[in-house]
Structures are given as C-alpha cells and as structure tokens.
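Trainee: I have a structure open and would like to go through it with you. Can we take it piece by piece?

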Amino acid sequence: MKLKNILIVVKDIEKSKQFYHELFGLDMALDNDGNVILTEGLVLQDEKIWRKFLEKDIIPESNSCELYFEEQDIEAFIEKLEKLYPEVRYVNRFMTHSWGQKAVRFYDLDGNLIEVGTPM
C-alpha cells in the first residue's frame with residue numbers, strides 16, 4: 001500500500017489553484033469537476049462536495065494537520081507570500097527552531113495550515 005494523495009477542502013477551487021501555483025509552483029494534473037489534483041499529489045476538493053460526503057461542518061484553522069514544504073531561500077519565499085497575499089494569516093512568523101531550521105507557518109485562503117521550512 002502507498003499513500004497516493006493529500007486532500008484539502010477549499011471554498012473556491014480557482015482561487016486555490018492560483019494560490020498553490022503562484023506560491024509553490026503546483027500545476028493542475030486533473031480537473032474532475034470540484035475535485036482537482038495538483039502536481040505533487042495535493043488534491044483540492046470543493047467544500048460543498050466534501051460537506052455532502054461527510055454530512056459534517058468543515059472547521060477552518062483546526063490546527064490538526066499541516067502541509068509542509070521546503071524552500072532553500074525562505075526569505076525570498078516570504079517576500080513573495082507577502083507581496084501576492086498581504087492578507088495572509090500567520091501562525092508563526094519567520095523563526096529559527098532550536099535545531100537551526102528556519103520556518104514560517106500560515107493559513108491558506110481556507111484556513112489550511114501550511115509550514116515552509118528550510119531543508120534539513
């Protein structure tokens with residue numbers, strides 16, 4: 001068995017596709033009407049479809065999981081993030097962990113937690 005994809009729930013597929021493309025370079029691999037697979041295996045699913053499947057509320061900013069990306073030039077990434085998405089909500093602004101890794105944590109447009117760190 002192998003893990004195939006990670007799915008996150010989004011309110012606006014088009015805005016989310018743009019967000020993940022502009023910041024992380026992810027491109028669309030498959031569009032299946034409210035269920036979009038991006039390169040690297042990230043799946044965006046329309047909130048209405050997910051709510052219908054689960055019959056439960058979606059809880060943004062639940063802080064129960066995160067998408068983790070690595071970026072060598074994290075300072076340039078943060079500049080791009082703040083230029084393209086000045087309204088971004090930070091969880092941890094730019095910081096250096098005790099083990100020396102630099103990182104930043106923030107929410108995407110729908111309250112999904114993202115961490116970007118320098119490679120270890």
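Trainee: Why is strand β8 (residues 113-117) largely enclosed by the rest of the structure?

Mentor: Keep in mind that this is a predicted model. Five of the five residues of β8 are buried, so the strand is largely enclosed by the rest of the structure. Buried here means under 20% relative accessible area.

Trainee: Which residues point which way from β8?

Mentor: Leu-113, Glu-115 and Gly-117 point one way, while Ile-114 and Val-116 point the other way. All of them are buried, Glu-115 included. In a regular strand, side chains alternate between the two faces of the sheet.

Trainee: What sheet is β8 in, and what is the strand order?

Mentor: It is an open sheet of four strands, ordered β5-β8-β7-β6, with mixed pairing. β5 and β6 (90-96) are the edge strands, each pairing on one side only. From one strand to the next the twist averages 15 degrees.

Trainee: Mixed how? Does β5 run parallel or antiparallel to β8?

Mentor: Parallel, with four bridges joining β5 to β8. Leu-67 stands opposite Ile-114 in β8, and Tyr-68 has Glu-115 as its bridge partner there.

Trainee: And how do β7 and β8 run?

Mentor: Strand β7 (residues 102-107) is antiparallel to β8, and five bridges join the two. Ala-103 has Gly-117 in β8 as its bridge partner. β7 and β8 form a hairpin with five residues between them. In the turn, Gly-111 has a positive phi of about 85 degrees.

Trainee: Which helix lies across β5, β7 and β8?

Mentor: Helix α1 (residues 13-24), running at about 10 degrees to β8. α1 also lies across β1, β2, β3 and β4, at about 160 degrees to β4.

Trainee: That takes us to β1 to β4. What order do those strands come in?

Mentor: They form an open sheet in the order β1-β4-β3-β2, with mixed pairing. The edge strands are β1 and β2 (28-31), each of which pairs on one side only. The twist there averages 25 degrees from one strand to the next.

Trainee: How many bridges are there between β1 and β4?

Mentor: Five, in the parallel sense, with β4 spanning residues 42-46. Ile-8 has Leu-44 in β4 as its bridge partner. Helix α2 lies across β1 and β4, at about 80 degrees to β4.

Trainee: New topic. Is Val-36 buried or exposed?

Mentor: Val-36 has 0% relative accessibility, so it counts as buried. It is found in strand β3 (residues 35-38).

Trainee: What does Val-36 touch?

Mentor: Leaving out residues up to four places away in sequence, its contacts include Ile-13, Lys-17, Met-28, Leu-30 and Leu-44. Pro-86 is 50 residues from Val-36 in sequence, and their C-alpha atoms are 25 Å apart.

Trainee: How many of the lining residues are charged?

Mentor: Eight are charged, alongside 17 nonpolar and six polar residues.

Key:
Residues numbered from 1 in each chain as written. Predicted model: local features only at pLDDT ≥ 70, side-chain atom pairs only at ≥ 80, totals over all residues. Heavy atoms only, no water. Nonpolar A, V, L, I, M, F, W, Y, C, P; charged D, E, K, R; others polar. Buried < 20%, exposed > 50% of the residue type's maximum accessible area, 1.4 Å probe, protein only. Pairing = 2+ DSSP bridges. Axes fitted to C-alpha atoms, helices over the stretch in contact; angles between N-to-C directions. Contact = heavy atoms within 4.5 Å.
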